[in-house]
Amino acid sequence: MTESFAANARAVGAPARIVRHALVDRVFHWLTAACVLVLLATAFLPILGVDFGWVTPHWITGLVLIGAVLFHLVRTLFWQSWRTIAIDSSDVRDAAAIVRGTLRLGGAALEKPGKYSFAQKLIHLCFAVVVLTAAATGGFMLAHIDTPWWRPNPYLLSDRTWGVVYVLHDLAALLLITMVMMHVYFALRPEKLSFTRAMIRGWITREEFKEHHDPKRWQVD
């Protein structure tokens, strides 16, 4: 059955398995997820009364997250097509169609997306803004930490600026709790499991490609 499936896939000009996420991107995703969970745990468990030495694992994990984000930014800008995940005019039309369908206003049926749907692009944008905010403000807050590599300098910024930094950092942390819960919920829904598997194993099947994607908007090799 596997050989006939592969032969049929070659006959129609598409691979039996289509790479959706390269290994390096999957490693970045799960490393970022682990960092976010550790950061949230070390930030909020002490508030809930769990007493442990949270400062050291928090700032070390923060450094790992900052390094991962910088690596991803460089890779996206120079080695990947960032337009694949950018919201464009076709996504705006998709969003309008979703709104019309939700409000039962009629209109044309929702078109199949390219590699990423409007919802996936939107959640990626939200995570990008919130994680970048947390990483940038956390980077400044490292000036308060005494480490083997630098001495604390609480006078790096003015008191007013420090207040803005802390407010933005705490707001990003609170938003991340809600966003992570939503992300996990949708990732575990039955109709979304193929995307979750792709983030683990890297690929989707040709049938899944035909069912969920427009080959004109996502041209695979």
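At what angle do H2 and helix H7 pack? The angle is about 105 degrees, and the axes lie 8 Å apart.

## Basis of the model

This is a predicted model, in which local features need pLDDT of at least 70, side-chain atom pairs count only at pLDDT 80 or more, and totals for chains, interfaces and linings use all residues. Residues are numbered from 1 along each chain as its sequence is written, and side-chain values use heavy atoms, with hydrogens and water left out.

## Helix packing

H7 covers residues 193-201. H2 is roughly perpendicular to H7 (angles of 65 to 115 degrees count as such; under 35 is roughly parallel, over 145 roughly antiparallel, the rest oblique). Axes are lines fitted to C-alpha atoms, for helices over the stretch in contact, and angles run from 0 to 180 degrees between N-to-C directions. Helices are DSSP runs (H or I, at least four residues), numbered from the N terminus.

From H2, Arg26, His29 and Trp30 make the contact. From H7, Ala198, Met199, Ile200 and Arg201 take part. Contact means heavy atoms within 4.5 Å.

## Salt bridges

The whole structure holds eight salt bridges. Each is a side-chain nitrogen of Lys or Arg within 4 Å of a carboxyl oxygen of Asp or Glu.

Asp91 pairs with Lys121, with the closest N and O atoms 2.7 Å apart. Asp91 sits in helix H4 (residues 89-102) and Lys121 in helix H5 (residues 118-141), so the bridge ties together parts 30 residues apart in sequence. Asp91 is buried at 0% relative accessible area, and Lys121 is buried at 5%. Buried means under 20%, exposed over 50%, and partly exposed in between (1.4 Å probe, protein chains only).

Arg217 bridges to Asp94, with the closest N and O atoms 3.1 Å apart. Arg217 lies in the segment after helix H8 (206-212) and Asp94 in helix H4, 123 residues apart. Arg217 is partly exposed at 27%, whereas Asp94 is buried at 7%.

Glu191 and Arg189 also meet in a salt bridge (2.6 Å, N to O). Glu191 is partly exposed at 38%, and Arg189 is partly exposed at 28%. Bridges with shared partners join Asp94, Glu111 and Arg217 into one network.

## Nonpolar surface patch

Leu45, Leu48, Val50, Phe52, Trp54 and Val55 form a nonpolar surface patch. Together they have about 510 Å² of accessible area (Shrake-Rupley method, 1.4 Å probe; for residues, only the protein chains shown count as cover). Patch residues have over 30% relative accessible area and no salt bridge; like charges are joined within 9 Å, nonpolar side chains (Val, Leu, Ile, Met, Phe, Trp, Tyr) within 5 Å.

Leu48 lies in the loop between helix H2 (23-44) and helix H3 (55-78). Leu48 is exposed, at 68% relative accessibility.

Conventions: Helix = DSSP H or I, 4+ residues; strand = E, 2+ residues; numbered from the N terminus.
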